[in-house]
Amino acid sequence: MIERELEADFVLVCIASRDPACGHGCGERGRDLILALETCLDATSATPPPLVIPTGCLGECAEGPTVVDVLARRAFTCVTIDDAAEVAKSIANWRSNREWISKT
Ligand code: FES
């Protein structure tokens, strides 16, 4: 086994489908969100944007689609394609503020 510090920066987008009897799932809505979020992050970030990774259930099914900014330990729920720009801006701003704090 090799253990090392992870340098990748990534955002998770749930694409899990659930049995409708078990409540909402993110499924197609999450899949549709991935490209929109990638495009908005590319346009927003001054630094290399985080990778957008499709993933399984993130435990917020009733409020999906769910996006998790792993580095910031924040979740965005009920995210639509129309929200992609705002989410990307929030993700980029968090990183920008973090860099500013680390320089002071
Ligand atoms: S199905 Fe997406 S958070 Fe559970």
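Four strands make up an open sheet with mixed pairing, in the order S2-S1-S3-S4; two strands are taken to pair if DSSP finds at least two bridges between them. Strand S2 (51–55) and strand S4 (74–76) are the edge strands, each pairing on one side only. On average, neighbouring strands of this sheet are turned by 25 degrees against each other, direction ignored; the axes behind this angle are lines fitted to C-alpha atoms, for helices over the stretch in contact, and angles run from 0 to 180 degrees between N-to-C directions.

This is a predicted model, in which local features need pLDDT of at least 70 and side-chain atom pairs count only at pLDDT 80 or more, whereas totals for chains, interfaces and linings use all residues. Residues are numbered from 1 along each chain as its sequence is written.

**Fold and confidence**

The protein chain contains two helices and four strands, and from the N terminus its elements follow the order β-α-β-β-β-α. Helices (H or I, at least four residues) and strands (E, at least two) are DSSP runs, numbered from the N terminus. Taken along the principal axes, the C-alpha atoms of the protein chain fill a box of roughly 50 × 40 × 20 Å. Of the contacts in the protein chain with a separation of 6 or more, 65% are accounted for by residues 24 or more positions apart; a contact requires the C-beta atoms of two residues, placed from the backbone, to lie within 7 Å.

The mean pLDDT of the protein chain is 90, and 93% of its residues reach 70 or more, where pLDDT is the predictor's confidence in each residue, from 0 to 100. Among the elements, S3 has the highest mean pLDDT (98) and helix H2 (residues 84–103) the lowest (89).

**Strand S1 and its partners**

Strands of a sheet pair through backbone hydrogen bonds, either parallel or antiparallel. Strand S1 (residues 10–14) runs antiparallel to strand S3 (residues 67–69), and three bridges join them. Within this pair, Leu12 has Val68 as its bridge partner, and Val13 stands opposite Val67. S1 and S2 run parallel and are joined by five bridges; here Phe10 has Leu51 in S2 as its bridge partner.

S1 is mostly covered, with four of its five residues buried. Of the 104 residues of the protein chain, 27% count as buried. A residue is buried if 20 or more other C-beta atoms lie within 10 Å of its own, exposed if 12 or fewer, and partly exposed in between, with C-beta atoms placed from the backbone.

In soluble globular proteins, nonpolar side chains tend to be buried together. The largest nonpolar core has 20 residues, of which Val11, Val13, Leu37, Val67, Ala84, Val87 and Ala88 touch the most other members. S1, H1, S3 and H2 each supply at least two residues of this core, and the largest share, five residues, comes from H1. A nonpolar core is here a set of buried Ala, Val, Leu, Ile, Met, Phe, Trp, Tyr and Cys residues joined through C-beta atoms within 7 Å. Leaving out residues up to four places away in sequence, Leu37 touches Val13, Val52, Val67, Ala84, Val87 and Ala88.

Thr44 belongs to helix H1 (residues 27–44). This residue counts as partly exposed because 18 other C-beta atoms lie within 10 Å. Residues up to four places away in sequence not being counted, Thr44 touches Ala88, Lys89 and Ala92.

Two further residues lie in loops: Thr77 between S4 and H2, and Ala72 between S3 and S4. Thr77 is partly exposed because it has 16 C-beta neighbours inside 10 Å. Its contacts, aside from neighbours within four places in sequence, are Glu60, Glu63, Gly64 and Thr66. Ala72 also counts as partly exposed, because 16 C-beta neighbours lie inside 10 Å of Ala72.

For each of these residues, the table gives one C-alpha to C-alpha separation.

| Residue pair | Separation in sequence | C-alpha separation |
|---|---|---|
| Thr44 and Ala92 | 48 residues | 6.6 Å |
| Thr77 and Glu60 | 17 residues | 7.3 Å |
| Ala72 and Arg95 | 23 residues | 8.2 Å |
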